[in-house]
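Thanks for coming. I will go through one structure, starting with the overall fold and ending at the ligand.

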Amino acid sequence: MGNNIITIDGPSGAGKSTIARLAAARLGLRYLDTGAMYRALTLHCMRAGIHLDKPAEVAKSLATAQLRVELTHDGPMKVFLGADDVTQKIRTQEVTRNIHYVADVREARDFLTRIQRDIARQGDLVTEGRDQGTVVFPDADLKIYMFATPEVRARRRFTEMTERGASVTYEEILEDVSRRDYLDMSREIGGLRKAMDALELDTSNLTPEQVAESIVKLAKSRLAMRTRKIDQEALRQITGRDARPK
Ligand code: C5P
């Protein structure tokens, strides 16, 4: 029996990171931000000076990518390229603009999928991204598909960026959100899709606190169900009988 896995997938700006972090902290699980891994790999390719628009060059550069992540229970995940802590350096517009070159390459996706599954083998996890419930962890205990209208997502990002002092317009951000939705949804492998067994959560009119709380409740009941199933199975193995009333 593997570890407990909760996946949260959805478009950019749906509030996944904040909510996944809050839920993970409350559940005492580690939190994995897979978008940060795609960002770090993109930065590695940029630093290697390869032609990003040539998939074979992106694939070849994986051999020298010393990507490492440090997970915590209550804070943002840290990402390293070799000894360099790139946690903040991967948040630039330039990296964001280039990610799709890397995220479209099958070898790059396989490379990160392997690392993500290795991390899950080491313990329970709340993992967030685009393909976590569909491709990477199809057997996850709880799958959430989180979304909000493009306008709400653009408004949130606009507020966030102007508070940080960035000079952008709401229209620019809305265009960027729509462009990334298109790129993420039209990707052949690992594209953004709702897993058949994922629960949909519309975060448009909810605070991150409210959404995290619903996930915590759902997770507790799912994981308790799973524990009961394991108990039943253990009992069957010991006694050869089922404890459920007939
Ligand atoms: O979540 P974040 O916005 O940081 O993700 C950046 C980009 O990385 C996404 O727009 C998507 O292109 C890519 N990504 C992906 N698969 C994931 C996570 C992110 O392709 N599991």
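Helices here are DSSP runs of H or I with at least four residues, strands are runs of E with at least two, and both are numbered from the N terminus. Counted that way, the protein has 9 helices and 8 strands. Its radius of gyration is 19 Å, close to the 18 Å that the globule rule gives for 246 residues, so the protein is as compact as a globular protein of that length. Along the principal axes, the C-alpha atoms fill a box of roughly 65 × 45 × 30 Å. Please keep in mind that this is a predicted model.

Strand 1, residues 5-9, and strand 7, residues 142-147, run parallel and are joined by 4 bridges.

Next, a helix pair. Two packed helices are described by the angle between their axes and the distance between the axes. At what angle do helix 2 and helix 4 pack? The angle is about 95°, and their axes are 8 Å apart. That makes helix 2 roughly perpendicular to helix 4, because angles of 65 to 115 degrees count as such. On the helix 2 side, the contact includes Tyr38, Arg39, Leu41 and Met46. Helix 4 contributes Val95, Asn98, Ile99, Val102 and Ala103. By class, this contact has 9 nonpolar, 2 polar and 1 charged residues.

Last, the ligand. Which residues are closest to the ligand? They are Gly35, Tyr38, Ala103, Gly129 and Arg130, out of 15 residues that surround the ligand. Helix 2 (34-48), helix 4 (93-103) and helix 8 (170-186) are the elements that give two or more residues to this shell. The largest share, 4 residues, comes from helix 2. By class, the shell has 3 nonpolar, 7 polar and 5 charged residues.

How values were computed
Residues numbered from 1 in each chain as written. Predicted model: local features only at pLDDT ≥ 70, side-chain atom pairs only at ≥ 80, totals over all residues. Near = placed C-beta within 6 Å. Nonpolar A, V, L, I, M, F, W, Y, C, P; charged D, E, K, R; others polar. Axes fitted to C-alpha atoms, helices over the stretch in contact; angles between N-to-C directions. Parallel < 35°, antiparallel > 145°, perpendicular 65-115°, else oblique. Contact = placed C-beta atoms within 7 Å. Pairing = 2+ DSSP bridges. Rg over C-alpha atoms; globule rule 2.2 N^0.38 Å.
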